[in-house]
Amino acid sequence: MVELKLQDYKAEKQPDWCPGCGDYGILSALQMALFELKKNPSQTVVFSGIGCSAKTPHYLNVYGVHTLHGRVLPVAQGAKLANPHLTVVAVGGDGDGLGIGAGHFVASGRRNVDMLYILYDNEVYGLTKGQAGPTLGLGEKTKSLPKPNPQGRINPLLLAFAAGYTWIARGYAYDVKGLKELIKEGITHKGLAFLHVLQPCPTYNDLHTKEWFALRLYKLQEEGYDPYVPEGLSPEELDQKMAKFQEKAAEWGERIPTGVFWKAEVPTFEERLKAYLPRYPEVYPALGQKEALDLEGLLKEFAL
Amino acid sequence: MEEFTWRVGGPQGGGIETAATLFARAVAKGGWWVATKREYHSNIMGRHSYLDVRLGRKPVGAFRDRVDFLVALDGETLARHLGEVRPGGVLLYDPKVLDLSVHKLPMLDHRVQEALAERFGKGDPSLKEILAAYAEAGVQPLPYPYEEVADRIGAELGVPSLQTRRTLNTIAVAASLHLLGFPLEPLLEALALQFRGKVLELNEKVAQAVYREEVPRLSLSLRLNGYEPGRVYLTGAQAAALGKLAGGLRFQTYYPISPATDESVYLEAHTNFQGADVAVVQTEDEIAAVTMAIGAALTGARAATATSGPGFSLMAEGMGFAGMIEAPLVVTLYQRGGPSTGLPTRTEQGDLLFAIRGGHGEYPRLVLASGDILDAFLDAQKALAWAWRYQTVVVHLLDKFLASMAQSLPKEALTPLPQNGEKRLAPREGFGPYERYAPAEDGISPFIPLGTPGGFYWMTSDEHDLEGHITEDPVLREYQMEKRMEKLRTARREIPLEDQYTLYRDGDVLVLGFGTVKGTLLEALDHLPGVGYLHLKLLWPFPEIGPLLEGKRLVTVEHNYSGQLADLVQQETLKKVHHRVVKYNGRPITLDEAVEALKAVLAGTAPERLVLRKGV
């Protein structure tokens, strides 16, 4: 294949997001990450749910699958398991992933399929004109809400941790370079990586604006936080690691951390599949049926 | 005897399934064709369950109202099945249950208790009275103390009775066959199919010991029927799973639900066979099951999911997604009693119109229904072939009756069908977007699996343009809608008529059916001169059967309340269905019920709507 330029990863289709939307920053970071990792566009698939953020695949020159509201994770996992050679990135908003799709968010953590899930978090349902998202705090009132939010906020990092995601990070939509590095690391991570991206919605979220974030965000790694969880930690060491993670994941308000929070090596679902599919992943579903079915052998248990 | 039905009833989890399989295999080893139906509660253990094994000199596909031989392993069976043994039949029961009365049967539904109270004219009839009622009806009751026999055999063999008591099923089967004068040898062969090692040895000894006992001579007897090798005995769920394997299935998803789960578990257990390495994923719900299968299909893997009732409702949105992005997908739907949780372990054909119409908006889908075990095997392959030929959703309808029913059939009938007709784009050199939804007269644009080199494209659940980008343009909308829906016309044109329907016999009274009424109606024809039967396999797109119905008195027979097939036939052919024979109590229509209903039609005494109500 010819050497691709960054421009080659950008689709002709122009984004129709609002001016100043955080989605632009995430899209740029994703394009740059795929370019820098020299990902083959024909072997790369970006999946999305439904919502503003879910239009992302249309602006990338790789295979793009814009699925249903809340269902991006199962579709993406199905494709990755059927063809483990694909590089798979799933994207979607906070409502998509933690509202309607919360069940899949949790169940995916149990599997640890080798892919990256990027959650665009602007705390509102933008495409339907600004209703409260599952990450908007209790009592908070963004400008299009008629009343303060009566429902509490999910902490995506703690939920991802409880569910079993093996790489957990947070980025910021306007820190494109930092975000690009996180995306690269998330794609490279072996297992299910979760990247929580904080993102202002200039149209509907007047609480957590670019200015609000600028005063609060800091980088964990600049303060010496080590997310790596080596194998063979003693229970006490693991407890300490988890306590530190929880402290940082829960930090919200005056200071908000970004960076990598957790990085563990856990067998992927693909590796676990090998237990009953001995030839997987060498023989994977997308290859089709390469040898005749041993129907005779299968029928033996039914013989009379 | 030309035919014979043996029934075993007892508490769930008590091994009565093993007993029925053993009996079926033993008589099959003696040359009989067999079919077994299974009735059970949504319960792990303790609630009442029973199985019928019907034997015939020809392949069996229907079951009777009344059985010839009932093995009651507990008191509840005695109470529940009163009236279910034909006069001249035999009841084998454990005399120790005679101390019980109806109120001491905690799992017996109040409705049954009350019915028995009314029948016997007292609040709490004893099982002694019930036993006497069997005898009055001409049934021969035979006391058989299963546990005592087990203990006695244990003592005789020098084996702890704790061990021989684990062989009560073998004892019950051996006693039945011995009483019927059936030779021991086929039973020993059947045991060898069922057990291994020390367990086999013990069961063999127990069977031999039962056969050494003196038993009364019965008026009923069962002879050998000339064993022929090359037959197999399997359930509908197993046949459908095998069909999927033969059809090249590579990826299956499921969420546990009765009665669909058996199929996925079978697949999971057999991945070590050559050509059977299917990735089976148990998902968090049926929404994930259908969408994960779609994701797999997009890579070119033959993918399917299997579900029942509520699970299928949850899949409606995902199926529309597959229709929209033109993903090949097979959904195997094991219907059960609905609505809502309904009757989880009982049969129904109540999802027909939902399978055809369910979901928002319109997209092309194919719906086919299997009538018996062989159909389940062949249709599973057709479903996969059609999904890939037409790049859309194929719903394969089965039901609980077929899922758990087992039949013996000639092994050579289970042959793989060709899997061709798939249109795939040849990869090209270069770099740029593919036109996935390129114009095609038959509506079928070449499929491009994710990962195809030389380019990429987009897919979206939104309406889209040729490359798969979102559009709300009216002209593109019309183009895409028409291209997708054209696939239905193509399918109806291409699918051979014998895969659409079979006119088994023509007649002035023409019965129409789909799915698992097939075996019952085919045997009913033997008793109904002048009655024809048209069996529908393809339900959508609906076959052009109008000319076949011209001038006939039309009758539909189906397992649902409203007569969904009748509605469909009327809608699609503009022909009036004169009689709707329906059943919705969760129990399959028996041969006797079908014959009686159709005789009423012939006699002109049948109402427009005839409800069948038999079953325990």
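Asp379(B) is buried, at 0% relative accessibility (buried means under 20% relative accessible area, exposed over 50%, and partly exposed in between, with a 1.4 Å probe and protein chains only). In this predicted model, Asp379(B) forms a salt bridge with Lys537(B), and the closest N and O atoms are 2.8 Å apart. A salt bridge here is a side-chain nitrogen of Lys or Arg within 4 Å of a carboxyl oxygen of Asp or Glu. Lys537(B) also counts as buried, at 8% relative accessibility.

The two residues come from distant parts of the chain, 158 residues apart: Asp379(B) is in helix α16 (residues 373-390) of chain B, and Lys537(B) is in the loop between β18 (531-536) and β19 (538-540) of chain B. Helices (H or I, at least four residues) and strands (E, at least two) are DSSP runs, numbered from the N terminus. Both residues belong to a network of salt bridges that links Asp372(B), Asp375(B), Asp379(B), Lys382(B), Asp499(B), Lys518(B) and Lys537(B).

## Basis of the model

Residues are numbered from 1 along each chain as its sequence is written, while chains are lettered from A and ligands numbered from 1 in the order in which they are written. In this predicted model, local features need pLDDT of at least 70, side-chain atom pairs count only at pLDDT 80 or more, and totals for chains, interfaces and linings use all residues; side-chain values use heavy atoms, with hydrogens and water left out.

## Other salt bridges

Over all chains, the structure holds 63 salt bridges. One of them joins Glu326(B) and Lys487(B), with the closest N and O atoms 2.8 Å apart. Glu326(B) is in the loop between α14 (316-325) and β11 (329-335) of chain B and Lys487(B) is in helix α18 of chain B, 161 residues apart. Glu326(B) is buried at 0% relative accessibility, and Lys487(B) is buried at 1%.

In chain A, the side chains of Glu271(A) and Lys190(A) meet in a salt bridge (3.0 Å, N to O). Glu271(A) lies in helix α9 (residues 269-273) and Lys190(A) in the loop between α6 (176-188) and β8 (192-198), so the pair ties together parts that are 81 residues apart in sequence. Glu271(A) is partly exposed, with a relative accessible area of 38%, and Lys190(A) is partly exposed at 45%.

## Domains 3 and 4 of chain B

The domain assignment of chain B gives domain 1 (3-212), domain 2 (235-413), domain 3 (423-495) and domain 4 (499-611); such bounds come from an automatic or database domain assignment. Domain 3 and domain 4 of chain B bury about 530 Å² between them, 62% of it on carbon and sulfur atoms. Buried area is the accessible area (1.4 Å probe) that two parts lose on being put together, summed over both. Leu488(B), Arg492(B) and Ile495(B) supply 97% of the area that domain 3 buries against domain 4.

The rule finds one salt bridge across this interface. Arg492(B) and Glu544(B) meet in a salt bridge through their side chains (3.5 Å, N to O).

## His469(B)

His469(B) is found in the loop between β15 (458-460) and α18 (474-494) of chain B. His469(B) is buried, with a relative accessible area of 4%. Apart from neighbours within four places in sequence, His469(B) is in contact (heavy atoms within 4.5 Å) with Lys13(A), His58(A), Trp458(B), Thr460(B), Glu463(B) and His464(B).
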